[in-house]
Amino acid sequence: MGAHIFLVGEDNFEVCIRCGVYGCVMPSTERNKAEVIASIFSIQPSDLVFFYVKNQGVYGVWKVVGEPYFDETKVWSNEHPLFPYRFSFEPIVGHFAIPVSLSDVLDLRDKGRVWTFDLNPVQQKNQYKITSDEARELLRLLLRNNPIRQSHSRTPDPYVPIRRGKIDVNLASTESGRVQYEGWLNAWFTRSLARSELKELLGDYREFLNLVPTTFNKVMDIFLTHVTTVDSVDVVYKYTCIELKADRATDKDLTQILRYEDWLARKLAAGDKEMIQAVLVARRFSDGVTEYVKNRRRIEEKTVRLMTYSVTEDRQDIILEEETTFPGPVLNTRTHKSSA
């Protein structure tokens, strides 16, 4: 089960709560559309929903009902631009009248307890997927602010879409087996992760987040947590960071994934880089990237996993091939294709 914070204005928030529906904007460019759809694919049934209302705070908590869908029916009074990428939700737990203030959220950020929610205008996002630990912190503060609360009631005027249009990944506009925009590669990965199709390749994971903000104004493309349960105790034993490139990955991109690796190790793993799995995915790699990875494995006994991708001939799916470097000139590959 995942958790999300959605940004909304005061007037639209009232409509969302009354109707039990939220919509993401229809972007004006294909590049931005790809990123919006990538984020939509991270929303799954039963995920927790929080809303950040400007000048008020974070409200909660609801849960997602069903899969996200495409619907252009007018719901909100001011619907320019359109908000057609939608999902439905319903209340759970109880009514929390007093929200978590932004100052409390910022205090949690300073303490490192909330790190995936960032109102930095560089990103201009309206949707943030957060970790389960961060969701627990928000629930704790909601309970603190509302020691006595009313039991939750049903959605007053539930919105029922006439037609739930399918939201899909656009792989049609490709040349030489590559996607046109990186966002579509992110959307394909996020959809595949939601379907649990990449566990054989990446290992068993519990949470997956995409387009994750960092403290150096860069966005981590994909982040995974790997958790196992030992005698009813959950143990986090690994984190994965994935950097995606639509075309060739260069030394600059390698430096970026290594920076994420170091940042996550310090932030979440007490400096233990062995807990961080770094993955770089691209259409192709520069010689400098493959040479560095080979030498790092030999000298540090640690690697960056390199995976090339290609769009299938019918332009309906993506194939991943992992390049595994061993001592010597041999280059081995391992292939993965989703079940789409």
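The questions and answers below concern this predicted model.

Colleague: What radius of gyration does the chain have, against that of a compact globule?
Modeller: With 340 residues, a compact globule would have a radius of gyration near 20 Å. The C-alpha atoms fill a box of roughly 65 × 45 × 40 Å along the principal axes.

Colleague: Among contacts between residues at least 6 apart in sequence, what percentage join residues at least 24 apart?
Modeller: The chain has eight helices and 15 strands. Of its 340 residues, 51% count as buried. For the contacts in question, the share that join residues at least 24 apart is 66%.

Colleague: Is Met 307 buried or exposed?
Modeller: Met 307 has its place in strand β13, residues 305-311. Beyond residues up to four places away in sequence, Met 307 touches Leu 201, Leu 202, Val 279, Leu 280, Val 281, Ala 282, Phe 285, Glu 321 and Glu 322. Its relative accessible area is 1%. Since buried means under 20%, Met 307 counts as buried.

Colleague: How far apart are the C-alpha atoms of Met 307 and Arg 283?
Modeller: Along the chain, Met 307 and Arg 283 are 24 residues apart.

Colleague: What is the relative accessible area of Met 220?
Modeller: Met 220 lies in strand β8. Leaving aside neighbours within four places in sequence, its contacts include Cys 241, Tyr 260, Trp 263 and Leu 264. Met 220 is buried, and its relative accessible area is 0%.

Colleague: How far apart in space are Met 220 and Glu 300?
Modeller: In sequence, Met 220 and Glu 300 are 80 residues apart. From C-alpha to C-alpha, the separation is 24 Å.

Colleague: Which element gives the most to the lining of the second largest pocket?
Modeller: The second largest pocket has a volume of about 460 Å³. Of the 25 residues that line this pocket, the closest to its centre are Thr 131, Ser 132, Asp 133, Arg 136 and Glu 207. Two or more lining residues come from each of α4 (132-145), β8 (219-230) and β9 (233-244). With seven residues, the element that gives the most is α4.

Colleague: How many charged residues are in the lining of the second largest pocket?
Modeller: By class, the lining has twelve nonpolar and five polar residues. The number of charged residues in this lining is eight.

Technical notes: Residues numbered from 1 in each chain as written. Predicted model: local features only at pLDDT ≥ 70, side-chain atom pairs only at ≥ 80, totals over all residues. Heavy atoms only, no water. 1 Å grid on protein atoms, 1.4 Å probe; cavity = no way out; pocket = protein on both sides within 12 Å on 5 of 7 lines; lining within 4 Å. Points joined across faces, edges and corners; volume = space filled by probe spheres on them. Helix = DSSP H or I, 4+ residues; strand = E, 2+ residues; numbered from the N terminus. Nonpolar A, V, L, I, M, F, W, Y, C, P; charged D, E, K, R; others polar. Rg over C-alpha atoms; globule rule 2.2 N^0.38 Å. Buried < 20%, exposed > 50% of the residue type's maximum accessible area, 1.4 Å probe, protein only. Contact = heavy atoms within 4.5 Å.
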